[in-house]
Every structure is written in C-alpha cells, then in structure tokens.
Amino acid sequence: MKTLGETLKEARDKTELILRKVSAEVDIDQSLISKFEKNERKPTKEQLIRLADFYNLSQKDLIISWYSEKIAEDLKYSESTTEILKVAEEKINYYKTQDNGK
C-alpha cells in the first residue's frame, strides 16, 4: 500500500520533471510539493486536484487516499477504530437521507 506522498513522488518521477517545473505548472510552491512527497504535509483538496490533473492521475483515487490518510492519522491510536468507522458510516448514510429529503 502506497502513501499519498509516494504516489505523488512516483508520478513526478515518471514525468521526469524537477520540482521547480511541476511547481510552475500547478502553481504550488516547490517546497510544499516536496513536503507532500515526503509525507511531511498534506495538500489541500484543491492542490490535490491540480496535481491529479497535471499528472493525469485519477482524482477519485487520490481523494480517497487523501481522506483515508486523514482518517487513519486521527484514529491510529484509538482502540475502537472499527466501531468508530461503523458509526461514522451510519451517520453519513443518515445525513445523506436527510439531505435527500430537502
């Protein structure tokens, strides 16, 4: 399983572009992109979409990776991870039904 940072680094390596060139193309500071690739920082959703489009990666796959890493980071030391995720899924489904009724 690859981290989001590893996925971004691999995509840049495949394009054979230096950070400075990617930075100019996607309008994100090169030091930030470097930190994304090293898993030292997480991109915003907007930055992630720009990078996905630039590298021709699936926005959906990157967003899933992005959210899952955020959740995993928050829950990694919890002893009730499975229960929390089940309840969260139930709440999401409830919220969706409430939104559909409006």
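**Close-up views of a predicted model**

**View 1. The buried side of helix α4.** In helix α4, which spans residues 45-55, the residues Q47, L48, L51, A52 and Y55 are buried (under 20% relative accessible area, with exposed meaning over 50% and partly exposed in between, for a 1.4 Å probe and protein chains only). Because these residues cover an arc of only 135 degrees around the axis, they lie on the same side of α4, the arc being that of the directions from the helix axis to the C-beta atoms. Helices here are DSSP runs of H or I with at least four residues, numbered from the N terminus. This is a predicted model, in which local features need pLDDT of at least 70 and side-chain atom pairs count only at pLDDT 80 or more, while totals for chains, interfaces and linings use all residues. Residues are numbered from 1 along each chain as its sequence is written, and side-chain values use heavy atoms, with hydrogens and water left out.

View 2. The side chains of K9 and D13 meet in a salt bridge at 2.9 Å, N to O, where the term requires a side-chain nitrogen of Lys or Arg within 4 Å of a carboxyl oxygen of Asp or Glu. K9 and D13 are separated by about one helical turn because they are four residues apart in helix α1.

View 3. R12 forms a salt bridge with E37, and their closest N and O atoms are 2.7 Å apart. This pair links distant parts of the chain, since R12 belongs to helix α1 and E37 to helix α3, 25 residues apart. Both R12 and E37 are buried.

Definitions and conventions: Helix = DSSP H or I, 4+ residues; strand = E, 2+ residues; numbered from the N terminus.
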